[in-house]
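User: I've got a model open here and want to talk through the fold. Can you walk me through it?

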Amino acid sequence: MGPGQIETPPFLEAPQPDPSKAAVHLLPVPMEATVSYGGGTALGPRAILDASFQLELYDREFDCEPGVLYGVHTMPEMELPTNPAEAIEAIAARTAEVYSENALLGVLGGEHSLTYGVVKGLLSVRNKPLTVVQLDAHCDLRDTYEDTPFSHACVSSRMLELPQVEQILQLGIRSLCTEEANVLKTEPRVRAWFTEDVHNDVFEAELRERVRGRDIYLTVDVDGFDPTLIPSTGTPEPWGMTYAQGERIFRILAEEANLVAFDCVELAPVEGHHASDFVVAKLVYRLMNLFLRDKIQELKKSSDNTYLSQNHIQGTEEQS
Ligand SMILES: [Mn+2]
């Protein structure tokens, strides 16, 4: 463990793989520098990791324990500077340092501002266009908010300043200001589907078309979901997405696009209320399983073969 890092429990109660063999690398980023309403996102990553210990490793869809097969390596939690601009730079640098082409990078937040740092870091090492898909109640398209351009309320505006962000696709939006409504009307790189579009299922064909064959970065602000499902968040907004709609979107993206990295942000755990933490941990696990579904099938086959050949060798030995 290096300086500026805090020891953390791993995601899932499973054997810890060698990082070079893990298909997922998780980076906990407890950013809480510009939170404007309910606080507590600094404890988000730890709450997700703790709750993940209660998850069943077995996944009905795949009829196996996917996380054990593909392996999840959890990195130590970052220790961040309190100044938002410095925190963003630290996150960008750490992302560039830990990114590997051979693994899916997942960032556990932390407030939404961190997404800009992660995307910046990714672009610095990959240098290829990226489509950002954002599940959120909010557009986060203000230019500045509460005197900082690095607020969670501005994260999408900051990303638009990166020329390699080819488009930002937002789903579940239901709360915005006049300034943001104007950006939506004039900025061709942003496409927002409001919450009624998701509930009426009128986004799918265009979403598929827009992400097909593209490298995507998925940012999941947990307030995109309904606060009856995940109340532990800083700015809860009614009429959000259901759990099933979230999974549906993950599946569409998994079928059409190449996921480079993802984050899950804005969980602000409340003591004594563990349901939100658990729901978010489950969302993260299912997101990983859906995106790694080809790999899971492949690993399942080879683990069956290993099992068969071991039995075969044993059988031969018994005969001799
Ligand atoms: Mn939000």
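User: Start with the helix α9. Which strands does α9 lie across?
Analyst: This is a predicted model. In it, α9 lies across β6, β7, β9 and β10. Its direction is at about 170° to β6.

User: How many residues does α9 have, and what span does it reach?
Analyst: Helix α9 covers residues 243-256, 14 residues in total. From first C-alpha to last it reaches 20 Å, close to the 20 Å expected at 1.5 Å a residue.

User: Which residues of α9 are buried?
Analyst: Q245, G246, I249, F250 and L253. Viewed down the axis of α9, these buried residues fall within an arc of 140°, so they line one face of the helix.

User: And why would that spacing point one way?
Analyst: An α-helix has 3.6 residues a turn, so residues three or four places apart point the same way.

User: OK, the sheet. What's the strand order?
Analyst: β3-β2-β5-β10-β9-β6-β7-β8. That is an open sheet of eight strands, with parallel pairing. The edge strands are β3 (72-74) and β8 (190-194), and each pairs on one side only.

User: Zoom in on β6. Buried or exposed?
Analyst: Buried. Six of the six residues of β6 are buried, so the strand is largely enclosed by the rest of the structure.

User: Which way do they point?
Analyst: L130, V132 and Q134 point one way, and T131, V133 and L135 point the other. In a regular strand the side chains alternate between the two faces of the sheet.

User: How many bridges does β6 make with β7?
Analyst: Six, in the parallel sense. L130 has V165 as its bridge partner in β7.

User: And β5 with β10, how many bridges there?
Analyst: Four bridges join β5 (residues 104-109) to β10 (residues 258-265), and the two run parallel. G106 in that pairing stands opposite F262 of β10.

User: Back to helices. What does α4 lie across?
Analyst: Helix α4 (residues 114-126) lies across β2 (24-29), β5, β6 (130-135), β7 (165-173), β9 (215-221) and β10. It runs at about 155° to β10.

User: V119, then. What does V119 touch?
Analyst: Setting aside residues up to four places away in sequence, V119 touches L130, V132, M159, L162, V165 and Y217.

User: Which residues have the most contacts inside the largest nonpolar core?
Analyst: L104, V119, Y217 and V280. That core has 95 residues. Helix α10 (residues 275-291) gives the most to it, with ten residues.

User: How covered is α1?
Analyst: Mostly covered, with seven of its nine residues buried. Those are G44, P45, A47, I48, L49, A51 and S52. They pack against β2, β3, β4 (77-78), β5 and α10.

User: What is A33 in contact with?
Analyst: T82, P84, A87 and S113, leaving aside neighbours within four places in sequence. A33 and L80 are 47 residues apart in sequence, yet 9.3 Å apart C-alpha to C-alpha.

User: Which way does phi go at L12, positive or negative?
Analyst: Positive, at about 75°, although L12 is not a glycine. L12 sits in the loop between β1 (5-6) and β2. It is buried, with 25 other C-beta atoms within 10 Å.

User: And what's phi at N127?
Analyst: Near 55°, a positive value in a residue other than glycine. N127 lies in the loop between α4 and β6.

User: Is N127 buried or exposed?
Analyst: Exposed. N127 has 8 C-beta neighbours inside 10 Å, whereas L12 is buried.

Technical notes. Residues are numbered from 1 along each chain as its sequence is written. This is a predicted model: local features need pLDDT of at least 70, side-chain atom pairs count only at pLDDT 80 or more; totals for chains, interfaces and linings use all residues. A nonpolar core is a set of buried Ala, Val, Leu, Ile, Met, Phe, Trp, Tyr and Cys residues joined through C-beta atoms within 7 Å. A residue is buried if 20 or more other C-beta atoms lie within 10 Å of its own, exposed if 12 or fewer, and partly exposed in between; C-beta atoms are placed from the backbone. Two residues are in contact if their C-beta atoms, placed from the backbone, lie within 7 Å. The expected span of a helix is 1.5 Å times one less than its number of residues. The arc is that of the directions from the helix axis to the C-beta atoms. Two strands pair if DSSP finds at least two bridges between them. Axes are lines fitted to C-alpha atoms, for helices over the stretch in contact, and angles run from 0 to 180 degrees between N-to-C directions.
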